[in-house]
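Please look over the sequence and the model shown here before reading on. The report is meant for a reader who is new to this structure.

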Amino acid sequence: MWDFFETVRHRHSVRRFRSDMPVEREKLHAVLEMASAAPSAGDLQAYRIVIVSSDEGRRTLSRVAGDQTFLAETSACLVFCADPLRSATQYGERGRELYAVQDATIAATYAQLATVAAGLGSTWVGSFDEKALVEGLKLEASLRPVAILAVGYPAEWPDPTPRRHLDEMVEYR
Ligand SMILES: Cc1cc2nc3c(=O)[nH]c(=O)nc-3n(C[C@H](O)[C@H](O)[C@H](O)COP(=O)(O)O)c2cc1C
């Protein structure tokens with residue numbers, strides 16, 4: 001088992017997956033439990049996670065994401081949706097506009113790191129037509145999809161990509 005720092009360093013976007021090795025239900029469950037462990041505003045967990053494993057569902061995701069074909073070739077896609085109405089009950093405008101999106105995004109981040117620890121690969125996909133996704137998967141109209149995680153056993157081991165120097169992004173006051 002990798003420690004946290006190794007897990008973070010080993011996460012790279014994987015876009016080619018083993019077609020002969022579907023993700024086991026137990027592994028997916030473990031990943032979802034880690035998503036659920038993420039912090040959320042007021043502990044409301046104002047998000048919904050939609051698991052898409054059918055061929056048709058993954059093809060729909062591929063289509064609404066501008067034909068990103070690897071979405072149709074993964075074992076499962078996890079669609080993280082903000083639930084603005086849930087956050088708004090307690091936090092009004094700020095919950096609706098910001099906290100629900102943050103809750104869903106943090107949960108997706110935890111899930112992505114958990115895939116690495118579980119020996120899986122994933123890519124975060126943010127480029128998609130929100131409205132077409134909601135309609136295509138017949139989701140509740142009030143949900144706002146914020147990220148698709150394509151998850152599966154890797155069939156490639158991409159090299160790390162360079163990062164900006166910390167000095168460019170970090171300020172001390
Ligand atoms: C908000 C967001 C949106 C992204 N959208 C896409 C996408 O639509 N398609 C894709 O292939 N990768 C997408 N990515 C993955 C990035 O391209 C990738 O994380 C980045 O190039 C760094 O590479 P790494 O993940 O291997 O470290 C997205 C990542 C984030 C955080």
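## About the model

This is a predicted model, in which local features need pLDDT of at least 70 and side-chain atom pairs count only at pLDDT 80 or more, while totals for chains, interfaces and linings use all residues. Residues are numbered from 1 along each chain as its sequence is written, and side-chain values use heavy atoms, with hydrogens and water left out.

## Helix 5

Helix 5 covers residues 84-117; helices (H or I, at least four residues) and strands (E, at least two) are DSSP runs, numbered from the N terminus. Although helix 5 has 34 residues, its end C-alpha atoms are only 30 Å apart, short of the 50 Å that a straight helix would reach, where the expected span is 1.5 Å times one less than the number of residues.

A kink of about 155° is centred on Tyr-91 in helix 5, the bend at a residue being the angle between axes fitted to the seven residues ending there and the seven starting there. After helix 5 comes Gly-119, which has a positive phi, near 80°.

## The nonpolar cores

A nonpolar core is a set of buried Ala, Val, Leu, Ile, Met, Phe, Trp, Tyr and Cys residues joined through side-chain atoms within 4.5 Å, and buried means under 20% relative accessible area, exposed over 50% and partly exposed in between (1.4 Å probe, protein chains only). The largest such core has 23 residues, and Leu-78, Phe-80 and Leu-120 have the most contacts inside it. Helix 2 (25-36), strand 2 (76-82), helix 5 and strand 4 (144-152) each supply at least two residues of this core, with helix 5 giving the most, six residues.

A second, separate core has 22 residues, including Leu-71, Ala-132, Val-134 and Leu-139.

## Ile-51 in strand 1

Ile-51 lies in strand 1 (residues 47-52) and is partly exposed, with a relative accessible area of 33%. Leaving aside neighbours within four places in sequence, Ile-51 is in contact (heavy atoms within 4.5 Å) with Leu-28, Leu-32, Cys-77 and Leu-78.

## Around the ligand

Of the 13 residues around the ligand, those that come nearest are Ser-13, Arg-15, Gln-68, Trp-124 and Arg-163, where a residue counts as near if one of its heavy atoms lies within 4 Å. A polar side-chain atom of Arg-15 is 2.7 Å from an oxygen atom of the ligand, whereas a polar backbone atom of Trp-124 lies 2.8 Å from a nitrogen atom of the ligand.

Definitions and conventions. Polar contact = N/O pair within 3.5 Å; in protein donor to acceptor, adjacent residues only side chain to side chain.
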